[in-house]
Amino acid sequence: MTLRRLLLTSMLVSGFAFPAMAEDFTKEQIEAIIHDYILKNPQVLIDSVNNYERDNRSKEEEKAIKLIKENADWLYKNKIHQEAGNPKGKTTIVEFFDYNCGYCKQAVNDMLTLIDEDKDLRLIFVEIPILGDSSVEAAKWALAAGKQDQYLEYHIALMRHKGSINAAQLEDYAKKVGLDVERLKKDMKDPKIQQTLDENLGMARLFGVTGTPAFIVGGDVFIRGYVGVDGMRQAIKDTRVKAATKKD
């Protein structure tokens with residue numbers, strides 16, 4: 001629906017009476033009537049735009065959830081993804097992130113808090129390095145750390161680093177968490193690492209992830225952006241209520 005049609009609809013709903021035989025008016029005359037009406041009733045324009053944007057967001061969310069359900073195996077049964085929390089948890093959070101993303105760095109403590117306080121949570125990490133070459137490099141190091149079963153420790157170290165990260169710091173953090181650095185450097189050159197990142201980025205685009213962080217909670221709650229630990233708790237509660245309702 002065009003904005004012009006939305007405005008006309010809003011005017012009719014609000015009780016505005018068009019002159020008789022309004023269908024005979026020219027486009028210019030109708031636009032003049034709309035212009036005068038908006039000047040006298042500016043809230044109509046604000047409400048119309050808000051409703052239009054809300055409808056578009058709702059449609060985008062519906063499309064995203066449909067695609068998420070269609071690609072559930074890739075999200076939840078994919079061995080390329082690293083995990084934390086309870087691997088058999090009934091509620092799964094999928095996090096899309098970048099190691100140079102400031103809000104992702106804030107979210108790491110939220111995620112750790114959630115999996116610590118809720119033993120029925122499973123957390124899946126999906127690296128989507130979108131903030132430059134150093135993001136790509138960090139993601140490769142992290143995925144290589146997973147080959148030594150120390151992904152989470154290294155992930156936390158990188159996320160708690162302030163500011164963007166460089167190669168020397170990536171190596172330093174690897175040493176600090178006890179990784180075999182020489183093996184890690186070799187493993188990160190495995191073509192499968194780059195293939196994983198390419199696949200992650202492609203799937204993120206498919207789901208409509210345009211920035212980081214983004215979260216899928218329970219398969220039917222999609223969050224774009226940082227919402228804090230309380231926002232995540234509410235999302236977990238919402239998805240569990242939906243699951244219980246479906247059972248009933």
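I began with helix α7 (residues 151-159), which lies across β1, β2 (91-97) and β3 and runs at about 65 degrees to β3. Contact here means heavy atoms within 4.5 Å. Axes are lines fitted to C-alpha atoms, for helices over the stretch in contact, and angles run from 0 to 180 degrees between N-to-C directions. Helices (H or I, at least four residues) and strands (E, at least two) are DSSP runs, numbered from the N terminus.

I noted that this is a predicted model, where local features need pLDDT of at least 70, side-chain atom pairs count only at pLDDT 80 or more, and totals for chains, interfaces and linings use all residues. Residues are numbered from 1 along each chain as its sequence is written, and side-chain values use heavy atoms, with hydrogens and water left out.

I looked up helix α10 (residues 191-207) next: it lies across β2, β3 and β5, at about 105 degrees to β3.

I then traced the sheet. It is open, has 5 strands in the order β1-β3-β2-β4-β5, and its pairing is mixed; two strands pair if DSSP finds at least two bridges between them. The edge strands are β1 (82-85) and β5 (221-224). β1 pairs with β3 (residues 121-127) in the antiparallel sense over 4 bridges, and Gly85 stands opposite Arg122 in β3.
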